[in-house]
Amino acid sequence: MNHLRLFAPHGALLVCLAAGSAHAETFTLQSPDERLAISIDVAQSVSWSATLDKTPVITDSTIGLTLKGLGDITHDSKLISVDRNSVDTQHTPVVKHKSGTIDERYRELSLRFDNDFGIDFRAYDDGVAYRFVGEYDQPIAVTDETMALNFPAGASTLFPEEESLVSHYERLYVPAKVADIAPERFASLPAYVGVNDINIVFTEADLYDYPGLFLYGTGQDGFSAGFTPRVTEATPMAGSEDRNQSLSFGDTLADTQGERTFPWRVAVISDDDGALIESQLVWLLSRDNQLADNSWIKPGRIAWDWYNANNLFDVDFKAGINTQTYKAYIDFAADYGLEYVILDEGWTKTTTNLLEMNPDIDVHELVRYGQSKGVEIILWALWGPLDKDYQNILKTYGEWGVAGIKTDFMQRSDQYMVNFYEKIAREAAKHELLVDFHGGFKPTGLRRAYPNVMTYEGVKGNENNKWSADITPEHTVTLPFIRMVAGPMDFTPGALRNAHAANHHISHYRPVSLGTRAHQVAMYAVYESALQMLCESPSTYRREPKVTEFISQFPADWDETRVLDAQVADYILVARRNGDTWYIGAMTDDTARTLTIDFSFLGEGNFSLTALRDGINTEHFAEDYKIDNQTVKAGDKLTINLASGGGWAGIVKSR
């Protein structure tokens, strides 16, 4: 082929291909450390594959994007340019979900076709990604996006299987062989695949004006893509009109602009299990901060009401959804240095009238009282009523002086709902309101563009203890390796009523967690959420002052994260730094384990370690724990014992 090579800005290499050339081309893209490699084949269609140290991890996988009236943009299109670029830079995020600085190093290959569309590929040291790019100056209708995601024979999966496209994304992770997933079975993202001791977590980033991606089985060693079509009508469902809908769909996935970038398809890839937790690819692949002023955005801990059903005791008033009860929550938060109290469902007169208070609740007084004690208020709101009048509602909440909102029951990821997330984040920021997206899909990087988006649910969390025995130590240890790879998760840890399976019981109003007390406490180091809940009743916490004082020392953001030891779905040992203090958390599944902490990450000098661990009788009484104090220094090694379903948490301070 005849072509012209030109040097583009910043060292990029631009290859301009001769017009009319259409025969097969193969391109290779390597990660900066050259361990990961992508091979891209362009012929009548486009396919790609990936290797780690020359070991296949993703095999030949065809991709395409079909537009109404234009067909598949990859089919029989002529490749007219290839642009290679590399980046090595560092970012300072507004909210330190994982670290105070984020390094970004990647190599990029950009393909452009003669139909005003193209594809970008990137290779990072910890994963690969691709996205479609439109340079078409007219509106388009996307009718299909095809994606084969194929793996070597024998690949296994932890499959977050869904039952419906109407979903809260609260799933268990089903272990299976990829080849055993039939075509009618499907999963939400992120999902895990294991190939020859290599981990792959597949998800998406920079999701805007486009539906979320689902993975469907093929009955072979791979998955295909599926999406929720564009919703054309949403009818309230009888019996739960305020939050559930019957949906009608159109014949397109998205009606959008032709000049745009599409979501990144992301595969985090590593033979180091801990690297999954340290990865920041979803954030890095998302668009830059859109806010001019970020000074008001403050991570923090929240005293939460709904899990414990407002069950206060040892008080001299009738507890419930009333001003006195929430003043007690504020008092508790102030006493333990927590930044926020949430008013969950029930503070409004009805769930559909978000501007009229329950007669027993005075939000204005709670805001005033909270501010006098250094505690701010966050308000719960159903998404549907909020959507109908969001500009006025959010403006009003800002005028009331509340700190943020928790919007709930979206349970969709079609184009309209994805756009709802962005417009709420943007409008909330205008009124200096933080956002917790509950009852909805996983993080896709919106928190980078709108750093007031602090956390997401999209996780089968502690609230499930109220009606099930699903939240097992196996599940809670799996979450950091899959769901948390996508971003922060509002799991709502901190349960102090703890039991093993043999004596666990389900109680909606006095829920009990599975696993040990130390297992729950360790979550404050292991789980990332810039709004981190304390789910238990303030009265229960006050009866356990030693545990509560210990928990209250854990912050909600981190300057540094180091995974010290980990095995997917089995155990995790992580150290996080905030300022000069290190916080360590260890969790195990139902297998009791002995782990070793290597303190070589510490600086010079001696440090005091305060640790909360499983007690000597934890195997029989899950609430048993012990708090120890000792001195440690860099290079010391400490053996810790975790009971079945157990944990260990430590706070390391300079002496």
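**Entry 1. Arg 230 and its partner**

I looked up Arg 230 in this predicted model and found it partly exposed, at 25% relative accessibility. Arg 230 forms a salt bridge with Asp 255, with 3.2 Å between the closest N and O atoms. I then placed the two residues: Arg 230 is in the loop between β19 (222-227) and β20 (231-236), while Asp 255 belongs to strand β22 (residues 254-261). The pair links distant parts of the chain, 25 residues apart. For Asp 255 I noted a relative accessible area of 36%, so this residue is partly exposed as well. 

**Entry 2. A network of salt bridges**

**Entry 3. Asp 271 and Arg 35**

My search of the whole structure gave 47 salt bridges. One of them joins Asp 271 to Arg 35, the closest N and O atoms being 2.7 Å apart. I list Asp 271 as partly exposed, with a relative accessible area of 39%. Arg 35, at 30% relative accessibility, also counts as partly exposed.

**Entry 4. Asp 206 and Arg 287**

I examined the salt bridge in which the side chains of Asp 206 and Arg 287 meet, at 2.9 Å from N to O. Asp 206 sits in the loop between β17 (198-205) and β18 (213-217), and Arg 287 in the loop between α2 (281-284) and β24 (300-303); this pair links distant parts of the chain, 81 residues apart.

**Entry 5. Surface charge**

I found a patch of negative charge on the surface, where Asp 114, Asp 116, Asp 137 and Glu 259 gather. Of these I looked up Asp 116, which is placed in the loop between β9 (102-113) and β10 (117-124). Asp 116 is partly exposed, with a relative accessible area of 39%.

**Entry 6. Surroundings of Met 533**

I located Met 533 in strand β32 (residues 531-534). Its relative accessible area is 0%, so I count Met 533 as buried. Which residues touch Met 533, leaving aside its neighbours within four places in sequence? I noted contacts with Ile 302, Trp 304, Ile 342, Asp 436, Asp 490, Thr 492, Pro 493 and Tyr 524. Phe 491 is 42 residues from Met 533 in sequence, and their C-alpha atoms are 8.0 Å apart.

**Entry 7. Backbone geometry**

Most residues other than glycine have a negative phi, and most peptide bonds are trans.

- The peptide bond from Leu 189 to Pro 190 is cis, with omega near -5°. Pro 190 lies in the loop between β15 (186-187) and β16 (191-195).
- Asp 53, although not a glycine, has a positive phi of about 50°. I placed Asp 53 in the loop between β5 (46-52) and β6 (55-67), and its relative accessible area of 42% makes Asp 53 partly exposed.
- Lys 54 has a positive phi near 70° and is likewise a residue other than glycine. Lys 54 is in the loop between β5 and β6, and I list Lys 54 as exposed because its relative accessible area is 79%, over the 50% limit.

Definitions and conventions. Residues numbered from 1 in each chain as written. Predicted model: local features only at pLDDT ≥ 70, side-chain atom pairs only at ≥ 80, totals over all residues. Heavy atoms only, no water. Helix = DSSP H or I, 4+ residues; strand = E, 2+ residues; numbered from the N terminus. Buried < 20%, exposed > 50% of the residue type's maximum accessible area, 1.4 Å probe, protein only. Contact = heavy atoms within 4.5 Å. Patch = residues over 30% accessible without salt bridge, like charges linked within 9 Å, V, L, I, M, F, W, Y side chains within 5 Å. Areas by Shrake-Rupley, 256 points an atom, 1.4 Å probe, with all protein chains shown as cover. Salt bridge = Lys/Arg side-chain N within 4 Å of Asp/Glu carboxyl O. Lys, Arg positive; Asp, Glu negative; His and termini not counted. Charge placed at Lys NZ, Arg CZ, Asp CG, Glu CD.
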